[in-house]
Amino acid sequence: MCGIIGYTGYSEAKGILLKGLKSLEYRGYDSAGIAVYHPDFKECLVSKCKGRVKNLESKTSDIKGTSGIGHTRWATHGGVTDSNSHPHKFGEVTLVHNGIIENYETIKNTLNIADKLKSQTDSEIAAALIDKCFKGDPCKAICDAVKKLTGTYAFAVMFDTVPNTIFAVRNVSPIVCCQNDNGAYIASDIMAIGEYSDKYFVLPEFSVAKIDKNGFEITDFNGNPVYAEELTVDWDIKNSGKCGYPFYMEKEIMEQPSAIEKTINSHIKDGLPDFTCDGVDDSVFRDCKSVSIIACGTAMHAGLIGKSLIERECSVPVSVYMASEFIYCDPILSSDTLVICVSQSGETIDTLEALKYAKKNGSVTLSIVNVRGSSIARESDYVIYTDAGPEIAVASTKAYTTQVSVFYLITAKMAYLRECLNYEGVTSFISELKEIPNAVSYVLENRDKMRLLSNILLTAEHTFMIGRGMDYPSLLEASLKLKEISYIHSEAFASGELKHGTIALITDETPVIALMTQQYLASKQISNIREVQSRGANMLVVARRSLVSKEFSNVFELPDLEDEFMPIPSVVALQLLAYYVSADKGLDVDKPRNLAKVVTVE
């Protein structure tokens with residue numbers, strides 16, 4: 001998992017590469033490096049080091065040239081060291097790589113190069129293989145080499161004897177490309193190059209791009225020209241920075257009312273849910289007999305909310321699978337199964353492989369993603385895009401709430417088509433749904449209260465979260481947020497399970513967060529709160545205004561919506577909790593240790 005940047009043109013490459021790497025650092029920040037073709041030395045010079053991009057800047061003072069590639073790394077093969085950092089150079093070949101080469105040991109033994117390697121990475125072996133295949137024709141060398149590879153890859157490659165030219169090839173892992181009058185640009189994410197042009201394309205899989213200052217020449221492995229569909233950047237690059245906030249995560253939390261509103265309103269026509277703009281046929285929702293939701297981490301928690309909504313309103317059985325386990329658990333699939341895949345980036349490798357498996361087994365596939373032209377979007381039968389805009393912080397916030405928003409819309413559409421809701425029922429549902437942005441705004445306006453309450457957790461090593469009904473999956477997401485960015489061990493439990501074992505962990509001053517938004521379960525949740533209080537727990541209660549009891553001392557009040565619409569405002573409050581704990585502990589909120597934003601390796 002990493003970020004790739006490349007540039008060749010009329011300007012000095014170093015500044016463009018370093019700037020691109022900074023915007024890609026959320027994809028991997030164990031180490032960073034650049035390689036630039038030096039016009040005097042007639043070769044690619046590499047500068048790299050472990051740590052953040054800012055550590056690299058001081059090492060590149062002598063780098064000059066108008067063509068180069070760069071990389072930020074999140075370690076998969078080999079530890080975090082200078083030598084394992086990218087780019088890797090072997091012979092005439094300099095290379096950066098995103099993905100994982102599964103048969104690298106076999107290739108290393110076949111080439112008999114163990115004593116020549118400078119790193120422990122699979123990527124250096126790929127560079128060695130391309131160098132071995134190079135007989136003067138770079139495209140042929142790359143094609144011959146990648147045919148021998150097993151795994152996923154996005155390569156940006158330079159050759160010492162082919163000056164000011166970059167070559168790119170990919171399998172699964174993304175590469176996006178654009179150009180302007182100043183040259184040509186490639187990256188693993190449009191975030192790195194979107195400022196240079198609002199038009200871009202995704203390099204087609206199993207094709208080779210030859211890139212020079214005049215643009216792109218793309219061919220398949222047989223040398224035939226390949227067409228790449230042009231896409232348009234659908235967000236304002238000016239708003240992609242922190243905009244005065246100390247961390248991207250806070251900015252993205254604060255953007256949620258507008259992101260949710262945009263996502264909802266773009267899929268409503270005449271007061272009814274409408275997916276015409278996405279090209280999703282009504283039969284997708286009307287004719288399925290079951291639904292399987294596939295996702296990882298935060299996206300899976302959105303799927304759990306989707307399961308509750310669809311089963312409650314549509315009486316359709318829904319299963320939620322961790323994408324990493326889906327293929328291996330013998331899932332029951334048929335042509336009557338609607339498989340919904342959820343991914344912010346559209347590049348999550350486990351979800352992508354599960355999607356391919358579902359299609360192979362005859363299921364209709366629909367994906368909820370945030371990135372147009374992403375791998376999951378292209379592979380799916382149908383796609384519904386969220387309108388979250390770029391999300392840079394590793395811990396997802398607005399991507400999650402817009403995913404949940406799409407599940408509300410799907411539920412309304414499915415219920416109406418199946419006559420589970422009549423016209424008045426579905427318009428009432430949509431009307432309540434459109435109140436969510438205002439409810440979220442209310443939570444954000446009262447964020448200072450949450451900051452004060454967050455002090456309960458500042459010195460904690462462990463905490464527990466309890467809730468019932470739809471509050472439980474919200475707490476799974478809240479617990480994940482707290483673990484990701486504050487490094488506090490946190491576990492979420494369905495409140496009714498406390499007396500079946502969990503309550504043994506509650507001792508004096510143990511922090512426990514209780515979420516209470518479900519009217520029909522409130523009396524039972526209050527009993528569970530009393531149970532943990534009697535064991536000495538230090539309680540923080542997050543509850544709808546109408547359910548707040550005077551017996552609770554540490555309370556954050558939520559606005560009142562109907563039960564099934566409470567998951568979004570409640571999770572936003574708990575996002576704030578995690579954010580303030582992390583920020584007040586002095587941690588790097590946007591870049592938590594050992595984590596990267598986009599998971600492109602299994």
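1. Which strand holds Cys 177? Cys 177 lies in strand 9, which covers residues 176–180. Keep in mind that this is a predicted model.

2. Is Cys 177 buried or exposed? Cys 177 has 0% relative accessibility, so Cys 177 counts as buried. The cut-off for buried is under 20% relative accessible area. Setting aside neighbours within four places in sequence, Cys 177 is in contact with Tyr 185, Ile 186, Ile 193, Tyr 200, Phe 201, Leu 203 and Phe 216. Cys 177 also pairs up with Gly 6 for a look at sequence against space. The two are 171 residues apart in sequence, and their C-alpha atoms are 9.3 Å apart.

3. Next, helix packing. Two packed helices are described by the angle between their axes and the distance between the axes. Take helix 3 (residues 104–111) and helix 4 (residues 122–133). Their axes are 10 Å apart, and the angle is about 45 degrees. That angle makes helix 3 oblique to helix 4. Their crossing is left-handed.

4. Which residues make this contact? Helix 3 brings Tyr 104, Ile 107, Lys 108 and Leu 111. Helix 4 brings Asp 122, Ile 125, Ala 128, Leu 129 and Lys 132. By class, the contact has six nonpolar residues, three charged and no polar.

5. Now compare a second pair: helix 15 (residues 436–445) and helix 19 (residues 567–584). Their axes come within 9 Å and cross at roughly 25 degrees. Angles under 35 degrees count as roughly parallel. Helix 15 and helix 19 are therefore roughly parallel to each other. The crossing of helix 15 past helix 19 is right-handed.

6. From helix 15, the contact residues are Ile 436, Ala 439, Val 440, Val 443 and Leu 444. They meet Ile 568, Pro 569, Val 572, Ala 573 and Leu 576 of helix 19. This contact holds ten nonpolar residues, no polar and no charged. The spacing in such lists is worth a glance. An α-helix has 3.6 residues a turn, so residues three or four places apart point the same way.

7. Helix 9 has 18 residues, 297–314, so at 1.5 Å a residue the span should be 26 Å. The end C-alpha atoms are 25 Å apart, which agrees. The buried residues of helix 9 are Thr 298, Ala 299, Met 300, His 301, Ala 302, Gly 303, Ile 305, Gly 306, Leu 309, Ile 310, Glu 313 and Cys 314. Just after helix 9 comes Ser 315, with a positive phi of about 55 degrees.

8. Most residues other than glycine have a negative phi, and most peptide bonds are trans. Asn 112 is not a glycine, yet has a positive phi of about 55 degrees. Asn 112 sits in the loop between helix 3 and helix 4. Asn 112 counts as exposed because its relative accessible area is 62%, and the cut-off for exposed is over 50%.

9. Glu 419 also has a positive phi, near 65 degrees. Where is Glu 419 found? Glu 419 is in the loop between helix 13 (398–417) and helix 14 (423–433). With a relative accessible area of 71%, Glu 419 is exposed.

10. Last, a peptide bond to check. His 86 and Pro 87 are joined by a cis peptide bond, with omega about 0 degrees. Pro 87 is found in the loop between strand 4 (67–73) and strand 5 (88–90).

Definitions and conventions:
Residues numbered from 1 in each chain as written. Predicted model: local features only at pLDDT ≥ 70, side-chain atom pairs only at ≥ 80, totals over all residues. Heavy atoms only, no water. Helix = DSSP H or I, 4+ residues; strand = E, 2+ residues; numbered from the N terminus. Expected span 1.5 Å × (residues − 1). Buried < 20%, exposed > 50% of the residue type's maximum accessible area, 1.4 Å probe, protein only. Axes fitted to C-alpha atoms, helices over the stretch in contact; angles between N-to-C directions. Parallel < 35°, antiparallel > 145°, perpendicular 65-115°, else oblique. Left-handed = near helix turned anticlockwise from the far one by under 90°. Contact = heavy atoms within 4.5 Å. Nonpolar A, V, L, I, M, F, W, Y, C, P; charged D, E, K, R; others polar.
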